[in-house]
Amino acid sequence: MTLVRAKKHLGQHFLTDKNIAAKIVESLRPQNGYRQVLEVGPGMGILSDFLLQKTEYEVSLIDIDTESYQYLQKKYPQLGKRLINADFLEMDFAAFFTGPMAIIGNFPYNISSQILFKVLDNRQQVLEVVGMFQKEVAERCSAKPGSKEYGILSVFLQAYYKVEYLFTVKAGVFNPPPKVLSAVIRLTRNEKPRLNCDEKLFWQVVKAGFNQRRKTLRNAVSSLINKEKMTEEPLLDLRAERLSVDDFVKLTNMIVANR
């Protein structure tokens, strides 16, 4: 079969190292309660080859690239409707999957954050994610409070998932090689069906805090608080990057209580 050309506008960098591909697939843990696995951006199927050997999975592949889709149709005719030519970011999970699932992929670096927010939107169904990201994004996802990498994505992901930085991947194992290092992370859904606060307000507080991260929270979230009732709240004297997920939950509840 004719090889698929990597397309710059789709952020494609095809992994060529089978040992790394196998290691990524082995990082999935179906004992966490899922059988359905969706691979995003399979390219020419280096991860798919290992996934489809696993009888414990029902594997689906989604790729926006029509050339890749046609290549994979010939390579994996047994997949039928489980090979999907569509945009993952526009996907209606409920139309394709029932019950818990996992997502895996060598994700396009140009839409990394959008992919992770799509996961968050479907957090009640997506129990696990194992994926390759630009190293900088992987570090942001797993960053701890107080570090310069810690931000909106860190808080939102860590509110609902255990985030593990698994390993770093050098540029030479891709075609074409990216100009950055890459890393594989694993997200595992935690035990909280929902946060112990007004979740909509929680998201607003986190976004407002980090959108003006040089300011203290008293100034950054001033439009969300009753300033007269919260003059003595010490959390408001900190910058957003100092607060843990639990701190943001606590602050959200305080804002509600003092309206």
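How many nonpolar, polar and charged residues are in the lining of the largest pocket? In this predicted model, the lining divides by class into 18 nonpolar, 11 polar and seven charged residues. The pocket itself has a volume of about 600 Å³. Its lining is made up of 36 residues, and those closest to the centre are Gln12, Phe14, Gly41, Gly43 and Asp63. Several elements take part: strand 1 (14-15), strand 2 (36-40) and helix 2 (46-51) each supply at least two lining residues. Helix 2 gives the largest share, with three residues.

The second largest pocket holds about 290 Å³ of space. Here 14 residues form the lining, and Lys8, His13, Pro177, Pro178 and Lys179 are the closest to the pocket centre. Sorted by class, this lining has six nonpolar, five polar and three charged residues.

Spanning residues 199-211, helix 8 has 13 residues and reaches 18 Å from its first C-alpha to its last, close to the 18 Å expected at 1.5 Å a residue. The buried residues of helix 8 are Glu199, Leu201, Phe202, Trp203, Val205, Val206, Ala208, Gly209 and Phe210. Their packing partners are helix 5 (112-121), helix 7 (152-160), helix 9 (217-220) and helix 10 (245-257).

Notes. Residues are numbered from 1 along each chain as its sequence is written. This is a predicted model: local features need pLDDT of at least 70, side-chain atom pairs count only at pLDDT 80 or more; totals for chains, interfaces and linings use all residues. Side-chain values use heavy atoms; hydrogens and water are left out. Helices (H or I, at least four residues) and strands (E, at least two) are DSSP runs, numbered from the N terminus. The expected span of a helix is 1.5 Å times one less than its number of residues. Buried means under 20% relative accessible area, exposed over 50%, partly exposed in between (1.4 Å probe, protein chains only). Contact means heavy atoms within 4.5 Å. On a 1 Å grid over the protein atoms alone, a cavity is a set of points where a 1.4 Å probe fits but cannot get out, and a pocket is an open set with protein on both sides within 12 Å along at least five of seven lines; lining residues have an atom within 4 Å of a point. Grid points are joined across faces, edges and corners, and a volume is the space filled by probe spheres set on the points. Ala, Val, Leu, Ile, Met, Phe, Trp, Tyr, Cys and Pro count as nonpolar, Asp, Glu, Lys and Arg as charged, and the others, Gly among them, as polar.
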